[in-house]
Amino acid sequence: MQFELPQEKHEMLFQAYVNEANQYGENYINGDGGCSRYSDFKKWLDFDKNLREEKDLPEGYVGATTYFVVEDNQIVGTLNIRHYLNDDLLKRGGHIGYSVSVKKRRQGIATAILKFAIRKCYQMGIKKILVTCSKDNTGSKKTIEKCGGLLENEMKINNEKILRYWIGERK
């Protein structure tokens, strides 16, 4: 399993990833840095580079680094690490967003992604890492707890219950 910064070579692989998610009724991809909402992959690559370099950030955005998780020439997951938090991310989203291909779930990939993300956060100087998930997402909840997440609280946002976990130094 490789963690790769997005490049032009990933365009068709990512489209296959999105198509699979859509086949299973999942219309939102966590941790893709907004890629699935762009119709032009090359324009998204420019946007992603700006986020990574923290330049020309649109209002409401923070610096962030996206990775595609590649195995056997397929994207099996996505990861987005936010370099810092704004008010919205402090409530919902946190420092780390990730997803795993529907067909690759329950194989330890989410745990590997989150462990990689935690190491990257520490390398970036983020010592208190916020990770959130929907209360209904049992798999993500178990993954976060397995990786050392300590539940701070539960918030209700737009009729969804969000669990907020901290990893590292306690806030």
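**Close-up 1. Residues lining the second largest pocket of the predicted model.** Leu-13, Ala-16, Tyr-17, Glu-20, Gln-74, Ile-75, Val-76, Ser-101, Lys-103 and Lys-104 form the lining of the second largest pocket, where a pocket is an open set of points on a 1 Å grid over the protein atoms alone, reached by a 1.4 Å probe, with protein on both sides within 12 Å along at least five of seven lines, and lining residues have an atom within 4 Å of a point. This is a predicted model, in which local features need pLDDT of at least 70 and side-chain atom pairs count only at pLDDT 80 or more, whereas totals for chains, interfaces and linings use all residues. Residues are numbered from 1 along each chain as its sequence is written, and side-chain values use heavy atoms, with hydrogens and water left out.

**Close-up 2. Contributions to the pocket lining.** Helix H1 (11–23) and strand S3 (74–82) each provide at least two lining residues, and H1 gives the most, with 4 residues. The pocket holds about 150 Å³ of space.

**Close-up 3. The buried side of helix H2.** Helix H2 (residues 41–53) has 13 residues and spans 18 Å from its first C-alpha to its last, close to the 18 Å expected at 1.5 Å a residue. Phe-41, Trp-44, Leu-45, Phe-47, Asp-48 and Leu-51 are the buried residues of H2 (under 20% relative accessible area, with exposed meaning over 50%, for a 1.4 Å probe and protein chains only). They lie on the same side of H2 because they cover an arc of only 165° around the axis.

**Close-up 4. Surroundings of helix H2.** The buried residues of H2 pack against H1 and strand S2 (64–71), with contact meaning heavy atoms within 4.5 Å, while Lys-43 and Asp-46 are exposed on the other side of H2.

Technical notes
Grid points are joined across faces, edges and corners, and a volume is the space filled by probe spheres set on the points. The expected span of a helix is 1.5 Å times one less than its number of residues. The arc is that of the directions from the helix axis to the C-beta atoms.
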